[in-house]
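I opened the model to take notes. The entries below follow the order in which I looked things up.

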Number of protein chains: 2
Amino acid sequence: MSLPDPIAKLVGSLTTLPGIGPRSAERIAMFLVQSEVNEVKQLAEAILQARERVGFCAVCGSLTETSPCGYCRDPRRESGLVCVVERPVDIFSLEKSGTYRGKYHVLGGKLSPVQGVEPENLRIGELEKRLMVEPIRELVLALGTDVEGDATSYYLAQRLSRPGLTITRIAHGLPAGTGLEFADELTLSRALEGRRELK
Amino acid sequence: MSLPDPIAKLVGSLTTLPGIGPRSAERIAMFLVQSEVNEVKQLAEAILQARERVGFCAVCGSLTETSPCGYCRDPRRESGLVCVVERPVDIFSLEKSGTYRGKYHVLGGKLSPVQGVEPENLRIGELEKRLMVEPIRELVLALGTDVEGDATSYYLAQRLSRPGLTITRIAHGLPAGTGLEFADELTLSRALEGRRELK
């Protein structure tokens, strides 16, 4: 005899989630069957609601309950400035920093020939359309700082280059609150390259 | 602006689960809103089903869809042998080993004066009732091997002692598949104490 069938099924479902292995799934399942019915219902409802009510913005590709999303519709945001990110969740990271007041564009990933991600798999065509109809004067590329992020940034800079458009990339350098001793060589060499005059 | 409301709520619900911090919750929530609707519904349904269909066995305290549970009702199991464990999930661990053919009793924890767990908070009274009506001749204590597990075992051995009943404890020693160099002192001293003659 083994786990009761409903628990085994729940464990199976939970292990499909990112970062949840068989052990954690079992632990969570055990926790749930011993929790208050109302709390369990709330969790199930939260899962369904999130999936049903949240979708992608047709313009920028962010996660939103309305399309176009709040970022695209916000008149106080600079419409000439668009920040290009890999995933919808990156927008929330940038928003948390509280310093960016432009709009966004979600690529949906980065170029990776190894994993079969070609330009046509990313939302680059959508970005080109936006460049034609919106008064965009600067694209800020804010992709990951790995090899694929680099390659994608250079590809975009070339493909999207047009008169009157500035394409920039967010600075790479030392993260806040750490010392030189914790930084790897690549981060340090980029921090040096990106040095700026103190005035 | 921050996360869409349904996602924020889902993250809140997910962080109440054991082992899920804010970061993993966000990652899982993002995964779910981008998953197939059917898979998401399946997960929500699995959660509800597990909570609704699984309960505790009135006799042994195990997790089950029927009460008494399959272990208690199984006529092929030795009714004279009862293994005492802390939590329902321990039963599944023992079953996986495939060597135990008796019945079970779940205590629901172990004595811990610091955390306010007194004998009346555990299913000891229920075990005493079973000793009166079931033909039990041996209790195998299979609690954790920490201080509280030790204290609980000694407490049970004293309180449950009666004529015709043997109370044993599972062996403590070296785990399978490791060398002496990975064992701590306490494990080694217990492995030495528990040595048996090779015949």
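**Entry 1: strand E3 of chain A**

I started with E3(A), where five of the five residues are buried, so the strand is largely enclosed by the rest of the structure. I kept in mind that this is a predicted model. I then asked which way each side chain of E3(A) points. Leu81(A), Cys83(A) and Val85(A) point one way, while Val82(A) and Val84(A) point the other way. I noted that all of them are buried. The general rule is that side chains in a regular strand alternate between the two faces of the sheet.

**Entry 2: the neighbours of E3(A)**

Next I looked up the pairing. E3(A) covers residues 81-85 and is joined to E4(A) by four bridges. The two strands run parallel. I picked out one pair here: Val85(A) has Val106(A) of E4(A) as its bridge partner.

I then turned to E5(A), residues 138-141. Four bridges join E5(A) to E3(A), and this pair also runs parallel. In E5(A), Leu141(A) stands opposite Val84(A).

**Entry 3: strand E4 of chain A**

I checked how the side chains of E4(A) are arranged over residues 103-106. Lys103(A) and His105(A) point one way. Tyr104(A) and Val106(A) point the other way. I found all four buried, Lys103(A) and His105(A) included.

**Entry 4: Val82 in chain B**

I moved to chain B and asked where Val82(B) lies. I found Val82(B) in strand E3 of chain B, residues 78-85. Is Val82(B) buried or exposed? I read a relative accessible area of 0%, so Val82(B) is buried.

I listed what Val82(B) touches, leaving out residues up to four places away in sequence. Tyr100(B), Lys103(B), Tyr104(B) and His105(B) are among them. Arg130(B), Ile136(B), Glu138(B), Leu139(B) and Val140(B) are on the list as well. I also took one distance: Val82(B) and Cys57(B) are 15 Å apart, C-alpha to C-alpha. In sequence, 25 residues separate Val82(B) from Cys57(B).

**Entry 5: cis peptide bonds**

I looked for cis peptide bonds. Most peptide bonds are trans. In chain A, a cis bond joins Ser67(A) and Pro68(A), with omega about 0°. I placed Pro68(A) in the loop between strand E2 (63-64) and helix H4 (70-73) of chain A.

I then checked chain B. Ser67(B) and Pro68(B) are joined by a cis peptide bond, with omega about 0°. Pro68(B) sits in the loop between strand E2 (63-64) and helix H4 (70-73) of chain B.

**Entry 6: chain A as a whole**

I counted eight helices and six strands in chain A. From the N terminus on, I read the order as α-α-α-β-β-α-β-α-β-α-β-α-β-α.

Among contacts between residues at least 6 apart in sequence, 48% join residues at least 24 apart.

Chain A has 25 positive and 26 negative charges, and their mean positions are 5 Å apart.

Key: Residues numbered from 1 in each chain as written. Chains lettered and ligands numbered in written order. Predicted model: local features only at pLDDT ≥ 70, side-chain atom pairs only at ≥ 80, totals over all residues. Heavy atoms only, no water. Contact = heavy atoms within 4.5 Å. Lys, Arg positive; Asp, Glu negative; His and termini not counted. Charge placed at Lys NZ, Arg CZ, Asp CG, Glu CD. Buried < 20%, exposed > 50% of the residue type's maximum accessible area, 1.4 Å probe, protein only. Pairing = 2+ DSSP bridges.
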